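Student: I would like a close look at one part of this structure, the part around a single aromatic residue. Could you walk me through that part and then connect it to the rest of the chain?

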Amino acid sequence: LVSMVASLLQVLVLFAGGHYVATGELSPGRLASFLFYSQMVQEAMNTVASQIVACYQGLGAGEKIFEIIAAPPPKVPLEGGLVPSSTELEAVLLKASLLEFRGTFFRFPGAERVVLQGLKFA
């Protein structure tokens, strides 16, 4: 809506300026200068307006975040389920530590050259 009104005003200025140029009251160069400078002011005002809108959007988002932070945490039932025994837990931890990488290399798809070579993770 704002850009439509601004465009309409620019067309009106162009028609009025054309009338003044036709009657000799205004030179074509001054009309072009006026249109150029008015467009610069219009762009600056559009930038200011968009920054104001962005500030209000940020305020709204911040308000929502603080509502989420202030909300009590959901209650998760911690009853029931299976609890592993200490021997089962130790077995899982021992198996997890057995994962190793030896002589690993990496090459990008379609590339001839190896980028990483001889990596070892334990």
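Tutor: Happy to! Let's start with F106, which is partly exposed because its relative accessible area is 37%; buried means under 20%, exposed over 50%, and partly exposed in between, with a 1.4 Å probe and protein chains only. Before we go on, please note that this is a predicted model, where local features need pLDDT of at least 70 and side-chain atom pairs count only at pLDDT 80 or more, while totals for chains, interfaces and linings use all residues. Residues are numbered from 1 along each chain as its sequence is written, and side-chain values use heavy atoms, with hydrogens and water left out.

Now for the ring of F106. Rings of Phe, Tyr and Trp (its six-membered ring) pair if their centres lie within 6.5 Å; planes under 30 degrees apart count as stacked, over 60 as edge-to-face and the rest as tilted. By this rule there are two aromatic pairs. In the pair of F106 and F108, the ring centres are 5.1 Å apart and the planes meet at 80°, so this pair is edge-to-face.

Next, the strands. Strand β1 covers residues 101-106 and pairs with β2 in the antiparallel sense over three bridges; two strands pair if DSSP finds at least two bridges between them. Across this pairing, T104 stands opposite L119 in β2. Strand β2 (residues 116-121) has six residues and the number buried is zero, so β2 lies largely in the open.

Helices (H or I, at least four residues) and strands (E, at least two) are DSSP runs, numbered from the N terminus. Of the 122 residues of the chain, 4% count as buried.

Let's finish with the helices. V5 lies in helix α1 (residues 2-23) and is partly exposed, with a relative accessible area of 43%. Together with L8, L9 and L12, V5 makes a nonpolar surface patch of about 380 Å². Accessible areas come from the Shrake-Rupley method with a 1.4 Å probe, and for residues only the protein chains shown count as cover.

Note on methods:
Patches are made of residues with over 30% relative accessible area and no salt bridge: like charges are joined within 9 Å, nonpolar side chains (Val, Leu, Ile, Met, Phe, Trp, Tyr) within 5 Å. A salt bridge is a side-chain nitrogen of Lys or Arg within 4 Å of a carboxyl oxygen of Asp or Glu.
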